[in-house]
Amino acid sequence: MRGFRFSEFLPSDMPKGGFDNLLKLFSQLLNYTAGDAAEALAWMNELDKQYKLTDDEYGMGDFIEDLKNKGYLQENPLDGSFQITPKTEQTIRQSALEEIFGKLKKSGKGNHGSNRSGVGEEKNADRREYQYGDSLDQIDMTASIHNAQINHGLQNFTLTERDLEVEERDYKTLTSTVLMIDISHSMILYGEDRITPAKKVAMALAELIRTKYPKDTLDIVVFGNDAWPITLKDLPYLQVGPYHTNTYAGLELATDLLRRRKTHNKQIFMITDGKPTCLKEHGRYYKNSMGLDRKVVNKTLTMAAQCKRLKIPITTFMIARDPYLQQFVRQFTQVNGGKAFYSSLNGLGEYIFEDYIKNRRRTVR
């Protein structure tokens, strides 16, 4: 007789003891607790009871002691509370980078578009015949001489234009990026946590730039009723507030930050889940959460147009599916001449990374 046999579901990705495995889980939980070490450890204790993460040889107390001894956790001598250290903050960024960058798929040749030139060249594996206008330093002399010997023989050595072989190169560009993160209350409404994926992306992007593109710059701006810059150190502790969405203030601050950068390539990445609902005028807040307020929308579109005049494209990552909100984003994108992605939370990081890397390189012909 055929049928189904049901058993208790045991997650296969839960760590099974050992400091390194537990550290990965601890780092993930810190993203959800906004850097609150005590709350993250409390969650780990509950998970340990349910899934038996530790054993008799290595318990949760041993893990906490190792966190302190290895510099990931420090204890306040006054009240005994736990706080994470800069080493832990870097571990969280590296973990986010590995999680997101590891999911990127290899793209095809030629998918390195950029509208502006940059500085610095890097060889790639592609080869082609010489074309008029190619610089001499692109010619692979060893391969060209080898071609001449094959084509004309060893006895009568001749090197012609058709024997020349040219190395393709990727022309790297310097890029200044502002990442805008919406921290309005809607980022945690409807039972969906949208701020944690946004934080992960910001930390991963910062770590990518710091390690692989150290000459690039990244500024991070958060916006609610107002907008203000935050540092890399602030990211793990970022939380949403009882705010409306002042997209205009966020764009205004992002533009001011990019004006100070001396690079030619400038861009804004904006992660948001809702419509603009707030402005600040003469020290007072103008708010309207009901529908799309014409006054708020028009000022936001005006700022998008100003960014276009300054040659600052805005890439909007919309993590909401409401048709009327998507219609606003399409209008916003058309005014700015930028791009828009209607992304799920799971695919947010891959979208941003692929777009960032694609925009900073082009192939030199």
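How many cavities of 30 Å³ or more does a search of the whole structure find? The search finds one. The structure is a predicted model, in which local features need pLDDT of at least 70 and side-chain atom pairs count only at pLDDT 80 or more, while totals for chains, interfaces and linings use all residues. Residues are numbered from 1 along each chain as its sequence is written, and side-chain values use heavy atoms, with hydrogens and water left out.

A cavity here is a set of points, on a 1 Å grid over the protein atoms alone, where a 1.4 Å probe fits but cannot get out. Its volume, the space filled by probe spheres set on the points, is about 60 Å³ for the largest cavity. The lining, meaning residues with an atom within 4 Å of a point, consists of T247, M270, T272, G274, P276, T316, M318, F328, V329 and F332. Two or more of the lining residues come from each of β8 (265–272), β11 (314–318) and α9 (323–336); helices (H or I, at least four residues) and strands (E, at least two) are DSSP runs, numbered from the N terminus. The most is given by α9, with three residues. Six lining residues are nonpolar, four are polar and none is charged (Ala, Val, Leu, Ile, Met, Phe, Trp, Tyr, Cys and Pro count as nonpolar, Asp, Glu, Lys and Arg as charged, and the others, Gly among them, as polar).

Because F269 belongs to strand β8 and F317 to strand β11, the pair ties together parts that are 48 residues apart in sequence.

Now to helix α1 (residues 19–32), which packs with helix α3 (residues 60–69) at about 80°, the axes being 11 Å apart. Axes are lines fitted to C-alpha atoms, for helices over the stretch in contact, and angles run from 0 to 180 degrees between N-to-C directions. The two helices are therefore roughly perpendicular (65 to 115 degrees). Contact, meaning heavy atoms within 4.5 Å, involves F19, L22, L23 and F26 of α1 and F63, D66 and L67 of α3. Six of these residues are nonpolar, none is polar and one is charged.

Notes: On a 1 Å grid over the protein atoms alone, a cavity is a set of points where a 1.4 Å probe fits but cannot get out, and a pocket is an open set with protein on both sides within 12 Å along at least five of seven lines; lining residues have an atom within 4 Å of a point. Angles under 35 degrees count as roughly parallel, over 145 as roughly antiparallel, 65 to 115 as roughly perpendicular and the rest as oblique.
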